Amino acid sequence: MDLYLVRHGVAYDPDPAQWPDDKDRPLTQDGEKRFRRAARGLRELVPTVSVVLSSRWVRAWRTAELLEKEARFPGPIACEALEAGRSPAEVLQALQPFAGSPAVVLVGHEPNMHELASYLLTADTGHVQIEFRKGAVAHLQVGDGSPRPGAARLIWLLPPKVLRATAKLSS
């Protein structure tokens, strides 16, 4: 299975006056614009995926919607395990129904994304320190069947500016 870990695009800074619940904090206008281009670049690198699982938090969900529109990926499916503060083990459990899928996209938050990548690569959430910028995407191969801790290989990790540049090259 190919796993694509996507950190949500650039969101507004936390502001309890505007968003008393951080789950409601959205992408900025510029963050949405930049991620649209990054998603088009991702489409050039990853022409097809089977399923997109996403945190239901507003900024992650909107990022997943942009993947649907701009990268032509499937519409997102809500996944509580991808919400901030959840463990990598919960994500692996949530992936069980999709074990036979050749390519799965996971849209979530930091530090969850780099902890998940580390867990898949080394079976420990802290062994691999990855800078997962907002809008970045990591491609991991996890072999056949269900993903297991320590059984993945990192294929690439691309910051959003590289994805945007890829979109420009294909225009």
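This is a predicted model: local features need pLDDT of at least 70, side-chain atom pairs count only at pLDDT 80 or more; totals for chains, interfaces and linings use all residues.
1. Leucine 106 deserves a separate look. Once its neighbours within four places in sequence are left aside, leucine 106 is in contact with Leu3, Tyr4, Leu5, Val6, Leu53, Leu82, Val91, Leu95, Met113 and Leu116.

2. The overall order of elements may be read next. The protein chain contains five helices and six strands. Starting at the N terminus, they follow the order β-α-β-α-β-α-β-α-β-β-α.

3. Is the chain as a whole compact or extended? For 171 residues, a compact globule would have a radius of gyration near 16 Å, and the value for the protein chain, 15 Å, agrees with this. Along the principal axes, the C-alpha atoms fill a box of roughly 40 × 40 × 30 Å.

4. Of the 171 residues in the protein chain, 48% are buried. Among contacts between residues at least 6 apart in sequence, 71% join residues at least 24 apart.

5. The surface and the charges are as follows. The accessible surface of the protein chain comes to about 8,000 Å², and carbon and sulfur atoms account for 48% of that area. The chain carries 22 positive and 20 negative side chains. The centres of these two sets lie 8 Å apart.

6. Most residues other than glycine have a negative phi, and most peptide bonds are trans. The peptide bond from glutamate 110 to proline 111, however, is cis, with omega near 5 degrees. Proline 111 is found in the loop between E4 and H4.

7. Arginine 72 has a phi near 65 degrees, a positive value in a residue other than glycine. This arginine lies in the loop between helix H2 (58-70) and strand E3 (76-78). Arginine 72 counts as exposed because its relative accessible area is 62%, and exposed means over 50%.

8. The loop between H4 and E5 holds alanine 123. Phi of alanine 123 is near 70 degrees, again a positive value in a residue other than glycine. With a relative accessibility of 40%, alanine 123 is partly exposed, as the value falls between the limits of 20% and 50%.

9. Where does glycine 126 lie? Glycine 126 is in the loop between H4 and E5. With a relative accessible area of 39%, glycine 126 is partly exposed. The C-alpha atoms of glycine 126 and glutamate 115 are separated by 6.5 Å, although these residues are eleven apart along the chain.

Key. Residues are numbered from 1 along each chain as its sequence is written. Side-chain values use heavy atoms; hydrogens and water are left out. Helices (H or I, at least four residues) and strands (E, at least two) are DSSP runs, numbered from the N terminus. The radius of gyration is taken over C-alpha atoms; the globule rule is 2.2 Å times the number of residues to the power 0.38. Buried means under 20% relative accessible area, exposed over 50%, partly exposed in between (1.4 Å probe, protein chains only). Contact means heavy atoms within 4.5 Å. Accessible areas come from the Shrake-Rupley method with a 1.4 Å probe; for residues, only the protein chains shown count as cover. Lys and Arg count as positive and Asp and Glu as negative; His and the chain ends are not counted. The place of a charge is taken as NZ of Lys, CZ of Arg, CG of Asp or CD of Glu.
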